[in-house]
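Could you walk me through this structure in my viewer, one selection at a time?

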Amino acid sequence: MIDVDALIVSELDRMLPLPSGGRANWQEVVDRAGFRRRRTKSRRRLVSIAAAAIVAAALVAVTTPVGAAVVRGLDGFASWISGEPGQPVSPAEQQAFQQENERSWSGFAPGTALRRLIQTSASGTSYTLFGFRSGDQLCLRLVASGAVSATRTRCAPLRALQTAKEPALVIAVDEPFESASAPPNGADTVPEPAASFGIVSDGVTKVLLHADDGNHEALVASNAFLYVTDRTQVRVRVRSIQAIAGDGTSVALPFQSAPLGMIDLPLQRKGAPQGPAKVDRRVSGGTIGWLDAREPRGEPFPAELLRFPELVSGSYVFGRLIQPDPESADRMGVLLTDGSLEKPNNGEPGLCTALIAGDDTGATLCGHFGRRFQSGPLDVGMTSSGAGQFSIFSGLASDDVAQIKMFLASGATVEGPLKDNVFIVRVARASFPVRLVAYDDQQRVIDVHTYVSDGMTNPAPWQARSSVHELFRITAGAGHALIARAGDTVGGVRCTSFRLSDPVEGDSVDGGCSPWPLTDMPQGNPLTLTAAWKADSANNVFLSGEVPDHVASVTVTFPDGYVRKLRLEQGLVGYLVPAAELTGSRTLLVYRAYDKSGAQIAQRGERIGG
Amino acid sequence: MDRAKPPASEIESIYRERYRHFLRVATAIVGDEATGHDAVQEAFSRVLTQRASFRGEGPLEAWIWRVVVNAARHQRRSRAARHESPEPATFDGTTSLNGHPESDSGVRTWIAALPERQRLAVFLRYFADLDYQSIATALEIEVGTVAATLSSARLALRRSLEEVER
């Protein structure tokens, strides 16, 4: 009897022994993958864009000295693709980075290597730009130490580098580095240091920034650029950025300027939203099976986070932390509560979602679980920051959703990672307008959300924004004040703001530009927009809001029957409620609106305090 | 809906741990180690870029084996089409992969004579030490077919060896 197995093994071993692993080269695999992605993405559109490319090349040649010389290639970003830009940091710095990662709920992948890119200083502060690749995220971390001490981390998806047409990627613009003594939100009142930084390919030798206070040259090294300014003027922003090659060829880099306050926002980008605009099948009232059944998906929700009241509305019942894309540090906390703080409180469970992004970005949304999918199978939130160049779309998809796609203004699409009903997609703010589309398992469109703006732009004409001026100011104790401002109505749009000036905790600003006169009031009640702000440490409270043009006066009635008239100018309402009038833990105030004839046209009650 | 795209780190880990076995099988298919290495590298780059298409219907490594085998077969066909090398270069009864004298056991001849699917099953079983389920996933066939294929291959070898002994 022949032992066939043993014979085969021995003969095969003799003919072809197990080779050595000397040829193994993971980096080569990664590099090939990078080129493959680029090839695959461009092949389909090659024919259709060929003519456009010729026209574009001709235009570039006219507007730049050489035209075709600044042609990007993914190979120019090889150091970033491999996760090895710049120089390795010291073992102590790497260890500190790893320890910070391990402590964080949104930590980057274990073993992520921190790299040193650029170092500079300004006005007694040393700025060091670090970079790292974690999965499919490319991150820049700017550390300031000295007169100003702060760390800012901003990340971009690797996809952004692979699909960019330009030889550089802007990651952050006018990132503020306030000194400890400066009030928050003070960019329009107090000069503050600011930094702009990004990633460049090998061929880029210069990066020029054009700001309101002139032109500036960034430091370029280690496949990155960094510009730090210790500005002496207020209301200064970078407006355009150019990457320049060694031969002088230049290319404008797409990005969005950082806003100044809530009104002086960059103009909205023009373009038509792409992708399907209508649903093929209407879906509502969906649910999330695993959440209904309290299945332990993802990771446990960190208990330490439960102490943040803004994260959980009501009493905590069940929570999980979901990471929809294993290549991204972005996670979302999904928490069920007893719903006790939801309004109306009818005993339904509450559901809170908390975006916990790797670069410190966060957002929380709470509401009734049963109503999350009332209007459609996607429950979406968008998070943008003034300096960061990527908006984050995150949320929940009901069980009806099989796939999520984001359509960019360029025509490109991004597939949103979807796991355990959670999705998180990063989109460049320069790629708006965008459209988020949900498909069912039959590839039918079942939900469409269109975003013409990243929330950091302003559709109002310049005259509407520049004409904003103070209407009135109501003062409280210790320098606190409520400042109402409004501008001219231009093209049917008016810009307004309320600033709560707080010399202790810093100013808060609420405002924006919206159609005026007001015609579409929520629930038809002209007093719905009234809000309350805590005015000072003595627990006085500011009331503020906007009412339609036909409202001639507004009053507030306190529980003891005391009636006071609110300040009303050009539709903006303000009032200081003395703490002495707030007798109970949640005092009921009744607002009444009257027209020019003195007739009451609206009434609304609100409980404040407590 | 719940498609679990395997993380690159897991793929890298499989690459680092099993590279020698992947190279061995790819070399057996294409005929030389340099081309085998190229096939493995190409396969893993595909795995990285197309990992979202991994449906989790079996072990990740088995799915990667499928990609590697397909990449190696593609390399072999391409080379044959370009007339760079006869197909298959390996186990054709005349050449020796490692420079050792040709075996006189008949195993090489036996392997060269096997239909391709049986030959691939033999490679995966004996070069990579894969179980039947993983071989089935890698070759996109039923587990029962793997068992039958290997059994049939062994039987063929046994008969040929017994004929030699007689």
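Start by selecting Arg117(B), Leu120(B), Ala121(B), Leu124(B) and Arg125(B) in helix H5(B), which meet Ile135(B), Ala138(B) and Leu139(B) in helix H6(B). Here, contact is a pair of residues whose C-beta atoms, placed from the backbone, lie within 7 Å. The residues of this contact divide into six nonpolar, no polar and two charged. Nonpolar covers Ala, Val, Leu, Ile, Met, Phe, Trp, Tyr, Cys and Pro, charged covers Asp, Glu, Lys and Arg, and the others, Gly among them, are polar.

This is a predicted model, in which local features need pLDDT of at least 70 and side-chain atom pairs count only at pLDDT 80 or more, while totals for chains, interfaces and linings use all residues. Residues are numbered from 1 along each chain as its sequence is written, and chains are lettered from A and ligands numbered from 1 in the order in which they are written.

Now show residues 116-127 and 132-139 of chain B: the axes of these helices, H5 and H6, come within 10 Å and cross at roughly 135°. That makes H5(B) oblique to H6(B), as oblique angles are those left after under 35 degrees (roughly parallel), over 145 (roughly antiparallel) and 65 to 115 (roughly perpendicular).

Next, colour chain A by pLDDT, the predictor's confidence in each residue, from 0 to 100. Its mean is 80, and 81% of the residues of chain A reach 70 or more. Select residues 35-72 of chain A, where pLDDT stays under 50. Then try residues 182-187 of chain A, where pLDDT also stays under 50.

Note on methods. Axes fitted to C-alpha atoms, helices over the stretch in contact; angles between N-to-C directions. Helix = DSSP H or I, 4+ residues; strand = E, 2+ residues; numbered from the N terminus. Contact = placed C-beta atoms within 7 Å.
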